[in-house]
Amino acid sequence: MTDQGNNNQNISRNPFAALFSSLADAKQFACKPRGHSCSNGSLCYLYRLYQSESENSDSIEDNDDSVAEISRSFLSRQELCEQLNINHMIQRIFLITLDNSDPSLRGGNGIPPRCVFLVEMAAEMDGQDWLDMDNIEQALFNRLLMLEPGNHLIYMTSCNAVNLSADRDAGDKCAIPFLYACYQRAKEEVTKVPEKLLSYAVRCKNLTVSNTRTVLLTPEIYIRQNVYEQLLDLLLEGVGGPHFAVVEFVEEVIAGLLADQEVRTFSEVIGPVLDIFQGRVKELDLCQLLLFSYLDLLLYFSRQKDIATVLMEHIQPKDPNNGLQYQKTLLGTVLSISCLLKTPGVVEGHSFFLNPSRSSPQEMKVQESNIHQFMGQFHDKLHQLLKNLLQQSGETRHLLLSWLGGCLQANAGRTKIWANQMPEIFFQMYASDAFFLNLGAALLKLCQPFCRPRSPKLLTFNPTYCALKELSEEERRNRNVHARGLDKETCLVPLPPQQSVEYAQSYSLLTENLIFTQMTLHLGFHRLHEQMVKMNQSLHRLQGTWREAQLTGGPAAEQLREQFERLMTVYLSTKAAATQPGMLQCCLNLQASSATLLVQLGLSNQGPEHAQLSFPLPPLHNSLLCHMPEFFAENLGDFFVFLRRFADEVLESSADSLEQVLNFITVFMGNVERMKNPHLRAKLAEVLEAVMPHMEPASAGTAQPIMFQRQRVFCSYHHAPHLAEALIAVFVDIEFTGDPHQFEQKFNYRRPMYPILKFMWGKESYRESIKSLAVYASENLEAMNPPLFLRYLNLLMNDAIFLLDEAIQYLSKIKLLQLEKDHGEWEGLAPDALREKESSLHMLGQLARFHNIMSNETIGTLAFLTSEIKCIFVHPFMAERIISMLNHFLQHLVGPKMGALKVKDFSEFDFKPQQLVSDICTIYLNLGDEENFCATVPKDGRSYSPTLFSQTVRVLKKINKPGEVIVGFSLLADKIKSHADRQLQDEETYADAPDDFLDPIMSTLMLDPVLLPSSNVTVDRSTIARHLLSDQTDPFNRSPLTMDQIRPNEELKQQILQWLAQHKQERLQMGPSG
C-alpha cells in the first residue's frame, strides 16, 4: 500500500475524524503544517496527538513534556475519543463552548452551527477548551447568568451563511425557555448516542431539570428576567398544543421542586405563576381565541395534583365574608369573563352589539350566535375545570366545595331588595352577574348525570342537608357539608313540632351539587332575569319618547337616540349571555328533575324507586318538604317564565320536561299542606301560563311560534281535572295571604290565571272537571265549608265589580285632564306644575290600563263559564249578585253615564266598551232561559230599568253584533220587563211589612229567615250565605260562623207567610181598582 493509502487509512481510523464533515476535511486538516498553532490543551492538539500515536506508537517518548503529560492523563485512544464525543454532545445540547479557535480548524460533523463562547470560564480553565461532565455544571451556570448571551455567539463551522434560527436558539437570554430547549435536545441525544455515552446524555437532561428548579427557587439572581412569566409562557405554548415534551419537562421540574423546598416552598414558586396568569386572563374577552389557550393551561393545572392543591389554596379570598373578594381570585377572574359589560353602565370599550340601531336583525342574530358558540366552549372548559378539581383528590375537592360554600354565603345579599335599589353599594360588596352566570352554567353541567328523566340517582338527594346548623371545619370535611346558612332559609312547609330530624353521617356529592347549583341560580339567574324585564320595559318607553321627539325635532331626539343605543347594547349583551342554548337546555333538565324530586317528596317517597303520582294525594308522614328551601320552587318558576319571555322555542323541544312541570304544579299549586307560602303557590300559576301553548296571536312581522308539542302535552295530560282544580284553589287562596298589601297583590297574581282558565275551558277534559266542581258546589251551597267553586265565583264577581269601578273612575279623571289640556289650561302653568300634571296623567293612564285589562278578563271569564254552567249562577243569592253587577256596568257603558268615559284613545288604556257590552249580554243570554234568574233581574232596584235594556239593544245594533244576539237580548228584555211589572205590584203589597219581617242588612222582606247562633239575629238565608262566602264570621259580632251553624227561624217564617197570604187575599178582594 502507498504512503498516501496508509495515510488515508490512518485518518479514517482516527475517532476524531468524526469531528469533520467529511473525510476530505479531515485530510485537509491533517496535512496542515505541524507548526500550526495549537495550545497544549486544545481539541486540535488532541487530534494531532491521536494522529501521532497512530503513525508511530513508539514516538510518544520523543514528544515534549506537555505531550507526555496529556498522554498520561488519557489512558487510551478510546478515552480521547470519548472525551471529544462528550464535548460535542454538550455543545449540541447546551449550545455553549470553550473553544473559540478558527472554525476552519474544527470539523463540521456533530457540531452545532452556533454556540455561546463562555469567555470568563474559558479564561479560568488554563487553556482547556473542551467541556466535560466535570465542568458542565459550572459552564451551564455561567451561561444562565449571562445578561446578553447573543453578544458572545461564535461560528462553530466554516459555513458563514446567515442562520437566524441558530442565532436565536443559542443566544436565548431567557433562562426557562433555554433550559427547556436544552432538555429537548438532550432527549434527542438520549435516543441517538451510543450506549457508552447514554449515561452522559441522561445526566445532561437531568441537569436541565435541576437547573430549572434552581432558577425557579432563586429567581432574584437572574437579573432582568421574570422566570415565572417564562414558565407560564412555556406552559402556554406546550399545554394543549403539539409540544408534549413541555408537560414531561414540567413534571420533572415539579418533582424536583417538591423534593427541595428549603429555599422556597412549591406554593411560593407556583403562586407567582398563578398571579401572572390571572393578570393576563383579566384582559381577555370571551371571543378571543387566546383565552382558550389559557383555559387549556388552567385545565392542566387542575389535572396536575400538586399544582391543583396550590391553585385551590391560592384562590382563597382575603376576606371570606366579602362576596366581591371571590371575584378577585384567579377562579373568580375566569368566571367573570362574559359578553356582559365589564363595568355596569359603561358601554365604552365594550366589544359587542355596538350601534344596534344601525345593524340589521340578521347581523345581530349572527353576532348572538357567535357569542353563543364561544360561550358553549367556555362553559365546557369551566365544567371540566370544576370536575377535575373535584376528582383530583379529597383535599382539592374539600377546598373547592368550601370555596363555593363561602362564596354563596358571602353573596347571599344579592337577592335582597335594597341591593337592586343601591347599585353603587351592590358592586362594591358582591360578585358580578357574569360571575354567577358562568358559575351556574358550569355547575349545571356537573348536575347533568342525574338530570335524566326518572333517574334513580335523583332520589339519593337528602334534604336534611339544608337543616344542618353551624358545623366545625372538621365536621364539614368529614360529613361533606360545605354550604352555609341554609338552616336560615324558609322551607316549603314548616317543621312539625313533633317531627325529629334524622341527619346523615355524611352527604353525597350529588346532594351538594344540586344545592350549590340551585343556590347559584337563585343568586345569579334570577337577578339577570329581573334586569332584562326592566330593560325591556325601559326600551319600550324610551323608543316611544324618542319617536315623539323625532316628530318635534331638536337636540333632544339625538340625545334620546344615544340613550336608546346604549341601553339596547346592554340589553342585547345581557340577552345573549342569558340565552346560550346549551346552558338553557342544561337548566331545563335540572328544573324538570327538581320538579320530579319535589313531587316524590310531596308523595312522602323515600324509597329507591320513583312512585307513581295518583290522586287523591296520600297524607304526609315524616315529610322531607320541611327541609326543602323555597328557592328550589322559585328557581323553577323563574326559569320557565324566563323561557316564555325570551327563549320560547326551548319549551317546544321539551315535551317530557313539561309533563314533569305539570305534575309539580298540580301537586303543589293548590295544596297548602305541601307549600305553605301563598305567594309562591300563586307564582306557579304564572309558571303554568308560561309553559302552556300561547293563545294570543303573534305580533305583526313575527312568525307564530310552533305549539304542537305543548298542545299535545296539555291535551293528553293524565291529571287534567286536578290541575284545573288546583288553579281555582290558588285563585281563592290568594285572597287572604296575611300580607298588608294582599289586596293589591292578588290582582297581579290572578292575571295569568284568566288566560289559563280560558285555555282549559277550550279542552274537554279540563272543561268537564270545572263543570263537576260547579255541580258539587250547587249541591253543597250550605256546607260548613263553602265549596271551592262557590268561593271562586264570589271572588270573581268581587274582582269584577272593584276593577271596573276603579277603571271607570280613572277614565273619568283622565278625560277631565285631557279636556284641561285641550282647552289650553296647562299652557300658563309653571314648569313644576306642568310636570306634575303630565305625571298625573301618565300614572292615571297606567292604572286605568291595568284595571281595564283585568276587568275585561273577569267579565270574559264569566261569559264563557255561564255558557255551560247555569245552576249555581241562578241560585237566588248568586243571581242577585251577578245581576246587580251586570246592570251596574251597563249603566256606565250604555246609559247616560257613558259620556264620562269617552277618553281620546280607548286603545291606549285597553278600554274595550264594545267587548264588555258584548260579554255582559252573552252572560244574560246564557242565563236567560232560567225563569228564576229573569225574575231576579228587576229586583235590582239600584241599576235596573227597562230603559237600560233598550239602550243596550241600541248599542248592540251600533256595534254590529249578529242579528240573533240582538233579537235574543230584545226578547229577554221583554221577559224581564213582564217580571218587573208583576214585582212592582208585589212591592206595593209588601210596602207596609213589619220591620221584624225585613232583613236587617238588605232591608228587604225575608222569605227564608234564619237565626245566627252567637248574635241571635235573624237574617234572610240568601243574605248570610252571600256574606259567608267572603267572611266566615257573624256580621253582627264577628264571631266565627259557618252555614251549618245557622238555624231556620220557622216561627218567623210562618208569620211572614201568613202575612203575605193575608195581604194577597186583601188585594184580591179589593180588585184592580184597589
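With which side chain does the side chain of N605 make a polar contact?

Analyst: This is a predicted model, in which local features need pLDDT of at least 70, side-chain atom pairs count only at pLDDT 80 or more, and totals for chains, interfaces and linings use all residues. Residues are numbered from 1 along each chain as its sequence is written, and side-chain values use heavy atoms, with hydrogens and water left out.

The side chain of N605 makes a polar contact with the side chain of Q600, at 2.6 Å. A polar contact is a pair of N or O atoms within 3.5 Å; within protein, one must be able to donate a hydrogen and the other to accept it, and residues adjacent in sequence count only if both atoms are side-chain atoms. A polar atom of the N605 side chain also lies 2.9 Å from the backbone oxygen of E609.

As for its location, N605 is found in the loop that runs between helix 27 (581–602) and helix 28 (631–646). Helices here are DSSP runs (H or I, at least four residues), numbered from the N terminus. N605 is buried, since its relative accessible area is 16%; buried means under 20% relative accessible area, computed with a 1.4 Å probe on protein chains only.

When neighbours within four places in sequence are left aside, N605 is in contact (heavy atoms within 4.5 Å) with L459, Q600, H610 and A611.

Elsewhere in the model, N887, L890 and Q891 of helix 39 meet L948, F949 and T952 of helix 42. By class, that contact has three nonpolar, three polar and no charged residues. Here Ala, Val, Leu, Ile, Met, Phe, Trp, Tyr, Cys and Pro count as nonpolar, Asp, Glu, Lys and Arg as charged, and the others, Gly among them, as polar.

Definitions and conventions:
Helix = DSSP H or I, 4+ residues; strand = E, 2+ residues; numbered from the N terminus. Buried < 20%, exposed > 50% of the residue type's maximum accessible area, 1.4 Å probe, protein only.
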